[in-house]
Number of protein chains: 2
Amino acid sequence: MDPHTSSPAVAPPGRPGKRTGRPRSAAADRAILQATRDALAEQGWGQLALGDVAARAGVAKTTLYRRWAGKNELVVDAIAALFEEQLELPDLGSLDADIEGVVLRFAELIERPETRTALMAVVAEATHDEALRLRIRDAIVDRQKHLVLLGRERAQQRGELAADGVADPARDDLIFDVIAGTVVHRVMVSSGPVDREWARQLARLLVGGLGALHLPPP
Amino acid sequence: MDPHTSSPAVAPPGRPGKRTGRPRSAAADRAILQATRDALAEQGWGQLALGDVAARAGVAKTTLYRRWAGKNELVVDAIAALFEEQLELPDLGSLDADIEGVVLRFAELIERPETRTALMAVVAEATHDEALRLRIRDAIVDRQKHLVLLGRERAQQRGELAADGVADPARDDLIFDVIAGTVVHRVMVSSGPVDREWARQLARLLVGGLGALHLPPP
DNA sequence: CTGGTTTCGCTACGGGTCGTAGCGTAACTG
DNA sequence: CAGTTACGCTACGACCCGTAGCGAAACCAG
């Protein structure tokens with residue numbers, strides 16, 4: 001009972017309850033998600049048809065509907081798989097270089113044709129779907145944010161940033177919104193490239209501005 | 001010949017060619033665009049049906065299709081109308097205050113329920129539609145960008161920013177991506193409020209970082 | 001007033017996608 | 001072996017899309 005709560009790409013909870021009957025094909029999961037990404041890249045969100053995805057994956061349409069409730073959930077999982085791997089970022093030695101690295105890594109993901117069309121569309125749908133919003137947060141946003149927090153901790157250890165005794169989540173949120181939002185806007189709206197030079201400028205702007213945050217107002 | 005090239009909300013080119021026959025109802029245009037915004041706010045992009053929009057507007061479905069090619073174009077015009085009015089921004093006396101004002105004005109538009117769901121969805125669709133991308137640029141993006149450029153010019157006149165002899169469009173683009181992108185990300189992804197305090201922090205970060213842009217690399 | 005032109009509302013339609021039901025078969029478990 | 005669950009397949013009603021065709025309405029030139 002209660003189907004398509006699986007979302008295998010997000011949370012395969014190793015519940016100890018012995019499952020009986022024929023197990024779900026993990027190969028089918030992978031084929032469906034890959035077919036979803038292919039179709040997204042070729043046709044975009046608007047033209048994406050689940051029947052077509054099932055056909056591409058070599059799977060019956062009913063099989064797809066047994067695992068995902070609809071277009072939104074399927075696409076979130078398909079895209080989230082791209083964000084899964086890269087959870088770490090090499091220490092590049094300075095806050096400036098770390099920000100530059102994070103920016104380039106973000107852009108690397110967002111510039112993919114599958115991600116471009118899917119990410120914005122799913123966020124738009126999430127406006128009227130609380131569950132979808134949480135799913136996006138867990139599967140995508142929090143993973144991005146982790147990289148930003150990682151960079152801040154390193155900078156504090158290096159002494160580049162004042163290590164306040166108390167955490168400042170509001171400032172973390174702001175920095176994250178600036179980095180992620182700027183990259184997304186650059187790619188999606190301005191349609192400009194995110195190359196090393198652009199990333200350097202953004203990093204310089206941020207590092208220069210970070211010091212001004214805790215100063216008293218003039 | 002060549003229907004729905006009108007887009008009356010964007011460009012009513014006063015072609016001197018005398019039009020004969022029954023003129024198009026301007027009231028119908030307004031009713032359709034308003035009905036589109038209402039339906040967007042209530043149901044979101046995904047559930048938006050053009051037949052429903054026509055019914056809300058008290059207009060035949062065929063009338064709607066004579067003026068707009070499809071969902072994408074209609075929604076762009078419906079949203080663009082919200083961006084039309086506010087082309088100016090009062091001079092608040094300092095770069096810091098001006099940025100704060102621009103941020104609050106952006107948020108004011110983006111936080112509306114119609115805009116939230118429509119803006120992202122249309123940008124997603126524009127990934128595979130060059131004409132739509134240009135339409136969005138003309139109707140929405142350039143108007144936002146104008147505010148940012150206006151703030152920069154004022155700051156240069158005040159002497160807050162060095163008035164280079166040569167313009168630096170790359171820097172303007174960066175600043176615009178930072179402001180607009182950060183606000184959008186804050187509202188759409190982080191789901192956080194854009195209040196005066198948050199705007200103040202972002203403005204402080206930007207003003208602090210602007211000076212570092214033209215320094216030689218360490 | 002008359003004829004020409006364009007828009008309007010209305011109805012109807014083919015085509016595509018959605019999401020589900022039903023059935024027989026395949027895979028795995030005790 | 002029996003029990004259980006997933007699978008492929010077909011079929012279906014429901015919905016929305018976008019267009020065609022019609023007669024009526026609104027405007028303009030003569």
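User: Which residues of H1(A) and H4(A) meet each other?

Analyst: In this predicted model, Leu33(A), Thr36(A), Arg37(A) and Leu40(A) of H1(A) meet Leu74(A), Val75(A), Asp77(A), Ala78(A) and Ala81(A) of H4(A), where two residues are in contact if their C-beta atoms, placed from the backbone, lie within 7 Å. By class, the residues of this contact divide into six nonpolar, one polar and two charged; Ala, Val, Leu, Ile, Met, Phe, Trp, Tyr, Cys and Pro count as nonpolar, Asp, Glu, Lys and Arg as charged, and the others, Gly among them, as polar.

User: How are the helices and the numbering defined?

Analyst: Helices (H or I, at least four residues) are DSSP runs, numbered from the N terminus. Residues are numbered from 1 along each chain as its sequence is written, while chains are lettered from A and ligands numbered from 1 in the order in which they are written. As this is a predicted model, local features need pLDDT of at least 70 and side-chain atom pairs count only at pLDDT 80 or more, whereas totals for chains, interfaces and linings use all residues.

User: At what angle do H1(A) and H4(A) pack?

Analyst: Helix H1 (residues 26-43) and helix H4 (residues 71-84) of chain A pack at about 95 degrees, with their axes 9 Å apart; axes are lines fitted to C-alpha atoms, for helices over the stretch in contact, and angles run from 0 to 180 degrees between N-to-C directions. H1(A) and H4(A) are therefore roughly perpendicular to each other, a label for angles of 65 to 115 degrees, with those under 35 counted as roughly parallel, those over 145 as roughly antiparallel and the rest as oblique.

User: And what about H1(A) against H6(A), what angle is that?

Analyst: H1(A) and H6(A) pack at an angle of about 90 degrees with their axes 8 Å apart, and they are therefore roughly perpendicular to each other. The contact is made by Arg37(A), Leu40(A) and Ala41(A) of H1(A) together with Pro113(A), Glu114(A), Thr117(A) and Ala118(A) of H6(A).

User: Switching to chain B, how do the axes of H4(B) and H7(B) cross?

Analyst: The axes of helix H4 (residues 71-84) and helix H7 (residues 130-158) of chain B come within 9 Å and cross at roughly 10 degrees, and that makes H4(B) roughly parallel to H7(B). Among the residues that meet there are Val76(B), Ile79(B) and Phe83(B) in H4(B) and Leu132(B), Ile136(B) and Ile140(B) in H7(B). By class, this contact has eight nonpolar, one polar and three charged residues.

User: How many residues are in contact between the two chains?

Analyst: For chain A the number is 38, in contact with 38 residues of chain B. Helix H6 (113-126), helix H8 (169-188) and helix H9 (196-210) of chain A each supply at least two residues of the side that touches chain B, and H8(A) gives the most, with 11 residues. The residues of that side divide into 18 nonpolar, 14 polar and six charged.
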